[in-house]
Amino acid sequence: PLEGADEYQHIAFIQYILENQKLPVFGQSNVPKSIYSDLLANPHCKHGWDQTSRIGCLHYSNFYETSPTPDISNEIFMYQAQHPPLYYLIAAPVYHFVYQNFGFLTGVYSLRILNIMIGGIGLLFMLAPLKYVIHDRNLRIATALAATLSPVYLVNVSRVANDPLAILLAGISVWLLTHLFRRHYPIRMTFFAGVFVGLGLLAKMIALSVFAAGFVFLVFLPVWRKNTSLKKTFSLTMSFLTGCLLISTPLFLHSISTYGVLILSQETIALERSGSTIFDLIRTAANFQSIVYFIQFKLFGGTLWRSGWSSLMPNSIFFISYACLLFLSFCGAIVWFIKAALNRSKVLSQCNPLLFFCMLIVMATAAAAYSHGVNTILAFGKMITPGYYVMIAYPAFIICLAFANKAFGTKIAIGILWALIALFVITELYSLWFIAVPHWSATDSLSEALQRLQ
């Protein structure tokens, strides 16, 4: 029940609001002791145990055969207290009602179900550009299924955390911008697109990448719509910016006044307090080893399968298969560029505008995740950015993959996507039952594992 990354911390955030009727403050607030008994009653992965062992919590390896020795005098630092409040304010009444009537575990599972529903709807909105980028129906179906069955996306939205709400709200913004070409009131649409991405920022800062992508997309609007004047482009861009700032400005002002940083995260707060400068960030970001590590272990290694907070990894054969499929798509992109060059056409003019939008979302999210990774190196000495941070862009990434594979022909592209779908399903089923379940239950016996985990 607490295998979701940082899950008990997000639950503690909700409980803190319920008990104190105010938001926690990073560096000052601790996990409410009222949930200590629930933490003690459940096993923990290594990361969770490192933090909760001070009150007597047990790791998976010894929970089932040892009784905890509680020590509720110790405090647990609430390191997730810096998050924006929107998700927690929405989740608090749901959790309170279910917890009061059915208990802790049902409260956790109810929030997980809520998040799965939110993440599922958010996925639909994030896939809005699909039908305008991929015209073949069968290829669209394969693309949508691949995005839906991504194991890391699924584990990301099925934990108690604020990511799914940020994906949903940013996804509505993507949907509005996608339909910009098909409406008579684009300024109104761009304003509300800005409002929803601003609400996404109130859920979690990962929505910032969608804001950046949307802003650049609107700036380049004259490239796609030749009859769009610079004045019109300026109006659309400013309406998008205004909508976002109207909602998110109080959050940024709070962040600056309380923590002295504009972009709120544990890492930026730590760097502000340590006195790190922009030159430290640039020097670290330019490090070749950091770039290679990020691409290899975060963008690639972190987006196939993840058990949860235990951070268990699948067998290498699955990674090799994943790498081969991504390499094929990369080759397809190269073929597409070569064809565009041979046709003596500008690559950009050959590119569907909404494909360009998807590419912007992917690049902005990758840049934001790398920036986070650089901040963690400076703040904590190592890159601890999880792969699921880029899941807000994974639907757009799959759309780009499908388009790149079209260079080989539609049938081959469909085949590659179905191979990716099969890989996702097989990796999830095998890794869940043969890697995760034995680890969580601390036994190789399936019957005993099911009994322990029920």
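**Close-up views of a predicted model**

**View 1. Cys57 and its closest cysteine.** The sulfur of Cys57 lies 11 Å from the closest cysteine sulfur, that of Cys45, which is too far for a bond. The model shown in this and the other views is predicted. Cys57 is buried, because its relative accessible area of 2% falls under the 20% cut-off. A disulfide is a covalent bond between the sulfur atoms of two cysteines.

View 2. For Cys244, the closest cysteine sulfur belongs to Cys358. The two sulfurs are 20 Å apart, too far for a bond. Cys244 has a relative accessibility of 3% and so counts as buried. Searching the whole structure gives zero disulfides.

**View 3. Lys204 in a loop between two helices.** Lys204 sits in the loop that links α11 (186-203) to α12 (208-219). Is this lysine buried or exposed? Lys204 is buried, since its relative accessible area is 7%, under the 20% cut-off. The side chain of Lys204 makes a polar contact with the side chain of Asp163, at 3.1 Å. Beyond four places in sequence, the residues in contact with Lys204 are His83, Pro84, Arg159, Asn162, Asp163, Ala166 and Tyr389.

**View 4. Helix α17 packed on helix α20.** Residues 288-300 form α17, and residues 353-380 form α20. The two helices pack at an angle of about 115°, and their axes are 11 Å apart. Their crossing is right-handed. On the α17 side, the contact uses Ser290, Ile291, Phe294 and Leu299. On the α20 side, Ala366, Ala369, Tyr370 and Ile377 take part. By class, these residues are seven nonpolar, one polar and no charged.

**View 5. Helix α8 packed on helix α21.** Here α8 (residues 137-148) packs with α21 (residues 394-405) at an angle of about 145°. The axes are 9 Å apart. The crossing of α8 and α21 is right-handed. From α8 come Leu139, Thr143, Ala146 and Ala147. They meet Pro395, Ile398, Ile399 and Ala402 of α21. How many charged residues does the contact of α8 with α21 have? It has no charged residues, alongside seven nonpolar and one polar.

Definitions and conventions
Residues numbered from 1 in each chain as written. Predicted model: local features only at pLDDT ≥ 70, side-chain atom pairs only at ≥ 80, totals over all residues. Heavy atoms only, no water. Helix = DSSP H or I, 4+ residues; strand = E, 2+ residues; numbered from the N terminus. Buried < 20%, exposed > 50% of the residue type's maximum accessible area, 1.4 Å probe, protein only. Polar contact = N/O pair within 3.5 Å; in protein donor to acceptor, adjacent residues only side chain to side chain. Contact = heavy atoms within 4.5 Å. Disulfide = S-S within 2.5 Å. Axes fitted to C-alpha atoms, helices over the stretch in contact; angles between N-to-C directions. Left-handed = near helix turned anticlockwise from the far one by under 90°. Nonpolar A, V, L, I, M, F, W, Y, C, P; charged D, E, K, R; others polar.
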